[in-house]
Amino acid sequence: MENILECQNLVKFYPKCLALNSVNLTVPKGKIVGLLGPNGSGKSTLIKLANDLIQPTSGKILIAGMEPGIETKKIVSYLPERTYLNDWMTVNDMIGFFGDFYQDFNKSKAYDMLARLGVNPSLRLKTMSKGTKEKVQLILVMSREAQLYLLDEPIGGVDPAARDYILDTIIGNYNPEATVIISTHLIADVEKILDEVIFINQGNIVLVSTVDDIRENENKSVDALFREVFKC
Amino acid sequence: MLRKLLRYEIKATSRTFLPMYALLIVFALINKFFMAVNSSYLKIPQAIAMSVFVFIIIGICVMTLVVTIQRFNKNLLTDEGYLSFTLPVRVHSHIDSKMIVTLMWSVLSVLVSLISIFVMSVNETTILSFQRFMNELMAAFSQIGPSGYVLILEAVLLVIFGILSSTVEIYAAITVGNMSSKHKLLTGIGAYLGFGVIQQIIVSIILSSSDKSITRYFNLLETAGEFAQVQAAETVLLVLIAYMVIVGVALYFFTEWMLRKKLNLE
Amino acid sequence: MAWNLKSDRPIYSQLIEHIELLIVSGIYPAGSKLPSVRDLAGEASVNPNTMQRALAQLENDGLLYSQRTSGRYVTEDVDQIMKIKNGLAQGLIKEFIENMENLGYDVKQAIQLLERTIEEEK
C-alpha cells in the first residue's frame, strides 16, 4: 500500500452547499503535503472526512486502504482547528490520556518538547493562554508516531514566532515513513517545508504538484501562483 | 477501551460529586449536633442548618441531571468532541461509559442521602422504630413467601432500567438538538417532549386495543386471594421493566446511529 | 551563514548552492562530517526530503561522500573543492562584468574602477 490517503469520486453535500465535488486524489507515503485553498474551499471537510467525523455523501475515502474507522484512528494523528483540551486536566493528565488511548504515543517525546517549550506539565490547562494551549495540543499530536498527520490550519491565528515554533516542531518530528498533510491558506509561511501542494477551490482539486516543480516551471513561489490562481 | 473511558468519565465527574457528598455528611453531623444540644438559644442556626441540609440533597438531585446533560453535550458535541470522536473507540463505548457513570452517581447519590439522614437521626428511639419496621417487613415477607424477593428484585431492576432509559432519552434529545445549527437548546427540549408524546401515543394505542382483557384481569383479581395479587404486582412490574428496556434500547440505537452518521461538529 | 532562501527559485537548487558555499568557505572543511539530514533541514527550516535530495545530488557531484553507518562527509579531495570555489568565483566575476557593461563601462574601465575603489576603501 503505497498511498496513505486516497479519495475516489468523493462527494460531500451539506444541506445548503456542495463542499466536495467528486474529488479524486492520492497522497503517497513519506511526504509533507500542503492542502491549500481559500476559506470555505473544502479543506476542513476533506480532513473531517478522513477522520470519520462526517460521512461522505457518495464516493470513498481510504486511509492506508481502509475506510475511516477505529483502525484508521489508530494511525492518524489529527490536529483540529479548535482546541479540544478540557480545562480541568493538567498537562500530565492529558499525556496520560493520550498514552492510554493511543498505542503509538511517545510520552518521553512529549515531555522533551514540553520542557523545551518551558511548560510545567503539572499545570492545569485552565491557567494557560490560548497560544500555549495550542502549542501543547500540537505537542500531543506530534508526539504520536502515527502514519498520517492531519493538521488543520496549524498556523492560523498565531504570531510569527509561534509559527516558526510550530513549523520547526513539525520538521523536527518528521519521520520519513509518515505523511503530514497541512491545510492552510497562509502559504508563504509553509511552502519551504512542503514536498507537494494540492490546490483546492470550491470543492474541486485545481492542481497537484511539487513545490520545486512549480518554482522551476513558473519561476515563482507557490504563494505567488496561489494568488494568481485564486485571484478574486 | 470501555474501562479506560469509564476511568476518565469517573475522574471528570467525581470532581463535582465528591465535594457535594462531603458537604452533605458535614451538614448531617452539624444537624446531629444541634439536635443533641437542643438548646433554645440555637433554634435559629438549627433551622438554617436543617434547610441547608435539605437544599444540598435537592442540589445533588439537580446536579446528577445537570452533569448527565453536561458531560454528554460538552464531551461529545462541543470542541472536546474533536478529541473524543477521533479516539480509536467505538461510538457506543462513549455512550455506554457515560450511561454507566450516570447510573453509578444516581445510585450513590441516593445511598449517600439515605446514609446522611440515618447518621443525622440515629438515636435510641429511631433505632427501635427502625427495628420494629424491619421486623414487620420480614413478617410480611415470610407470609408472601419467595415471590416477595422477586418483587424486590423487580423493583431494583425497574429503578436501574428506569434511570438508564431516561438517561438515554436525554442523550437522544441532546443529539437531535445538536443537529439544529441555531436553536440547539430549543430543538433539544422539543425532541425530549416529542419522545414523550410518541411514547404516550404508543402506550395509549396498546392500552385501548387491549382495554377489555386488562379490565377483566383486574376484575378477577379483586375476588382472588393474596397470592394472586402478589403475582399481579409481579406482572405489572415486569411489564414496566420491559417497557423501559424497549424504549431505552430503541433510543440507544437511534442515538448511536445519529452520532455515527449524522454528526457534524462545528 | 544564514539560509536566505528565495521564494521564486526551486528550494532544492538553492540548498545545493548554499551547502557548496559552506564547504568552499571552509565552514565545513575537507574531510569533516556533515550534520544529519534532520538537523540540516531544521537549521534551514526546510522539508527533510528536499534536504535529502540536495545532499544526494552533492554526493553525485562528488563533493560529499557517505559512509553507511556514520553519516555524510565532505570530500577529502581539496582540488575538487578548489574547482568549485573557482567556479563560484568565476560566476561572480562574470556577473560583475555584465553589470558594469550594462552601466556602460568596458572591461578595462571596470578593472580600473575596481582598483580605485579598493584603494579608497583602505
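## Helix packing in chain B

Helix H2 (residues 43-77) of chain B packs against helix H4 (residues 91-121) of chain B at an angle of about 170°, the two axes being 10 Å apart. Axes here are lines fitted to C-alpha atoms, for helices over the stretch in contact, with angles running from 0 to 180 degrees between N-to-C directions. Helices (H or I, at least four residues) and strands (E, at least two) are DSSP runs, numbered from the N terminus. H2(B) and H4(B) are therefore roughly antiparallel to each other; angles over 145 degrees count as roughly antiparallel, those under 35 as roughly parallel, 65 to 115 as roughly perpendicular and the rest as oblique.

On the H2(B) side, the contact is made by B:Ile57, B:Ile60, B:Cys61, B:Thr64, B:Thr68, B:Arg71, B:Phe72 and B:Leu76. H4(B) contributes B:His94, B:Lys98, B:Thr102, B:Trp105, B:Ser106, B:Ser109 and B:Ser113. Two residues are in contact if their C-beta atoms, placed from the backbone, lie within 7 Å. By class, this contact of H2(B) with H4(B) has six nonpolar, seven polar and two charged residues. Ala, Val, Leu, Ile, Met, Phe, Trp, Tyr, Cys and Pro count as nonpolar, Asp, Glu, Lys and Arg as charged, and the others, Gly among them, as polar.

## Basis and confidence of the model

This is a predicted model, in which local features need pLDDT of at least 70 and side-chain atom pairs count only at pLDDT 80 or more, while totals for chains, interfaces and linings use all residues. Residues are numbered from 1 along each chain as its sequence is written, and chains are lettered from A and ligands numbered from 1 in the order in which they are written.

Chain B has a mean pLDDT (the predictor's confidence in each residue, from 0 to 100) of 89, and 99% of its residues reach 70 or more. Within chain B, confidence is highest in helix H3 (residues 80-84), at 95, and lowest in helix H8 (residues 211-223), at a mean of 75. Where pLDDT is low, the predicted coordinates should not be read in detail.

## Domains of chain B

The domain assignment divides chain B into domain 1 (1-122) and domain 2 (144-266); such bounds come from an automatic or database domain assignment. The C-alpha centres of these domains of chain B lie 25 Å apart. Their contact takes 14 residues from domain 1 and 15 residues from domain 2.

On the domain 1 side, H2, H3 and H4 of chain B each supply at least two residues. H4(B) gives the most to this side, with seven residues. By class, the side of domain 1 of chain B that touches domain 2 has eight nonpolar, six polar and no charged residues.

## Helix packing and annotation in chain A

In chain A, the axes of helix H5 (residues 130-142) and helix H6 (residues 160-172) come within 11 Å and cross at roughly 5°. H5(A) and H6(A) are therefore roughly parallel to each other. The contact is made by A:Gly131, A:Lys135, A:Leu138 and A:Met142 of H5(A), together with A:Ala162, A:Tyr165, A:Ile166, A:Thr169 and A:Ile170 of H6(A). Its residues comprise six nonpolar, two polar and one charged.

UniProt, in an unreviewed entry, lists residues 5-227 of chain A for "domain: ABC transporter". UniProt positions are given in the numbering used here, feature names are shortened, and annotations may be inferred rather than shown by experiment. The end C-alpha atoms of residues 5-227 of chain A lie 27 Å apart, and the span is 35% helix and 26% strand.

## Chain C

For chain C, an unreviewed UniProt entry lists residues 9-77 under "domain: HTH gntR-type". This span of chain C is 51% helix and 12% strand, with its end C-alpha atoms 30 Å apart.

The domain assignment of chain C gives domain 1 (11-76) and domain 2 (79-121), whose C-alpha centres lie 28 Å apart. Their contact takes seven residues from domain 1 of chain C and five residues from domain 2 of chain C.

## Contacts between chains

Of the two pairs of chains in contact, chains A and C share the most contacts. In that pair, 14 residues of chain C are in contact with 18 residues of chain A. Helix H1 (11-24), helix H2 (37-44) and helix H3 (48-60) of chain C each supply at least two residues of the side that touches chain A. By class, that side of chain C has seven nonpolar, five polar and two charged residues.

The contact of chains A and B takes 17 residues from chain A and 15 residues from chain B. H3(A) gives the most to the side of chain A that touches chain B, with three residues. No contact joins chain B and chain C, whose closest C-alpha atoms lie 27 Å apart.
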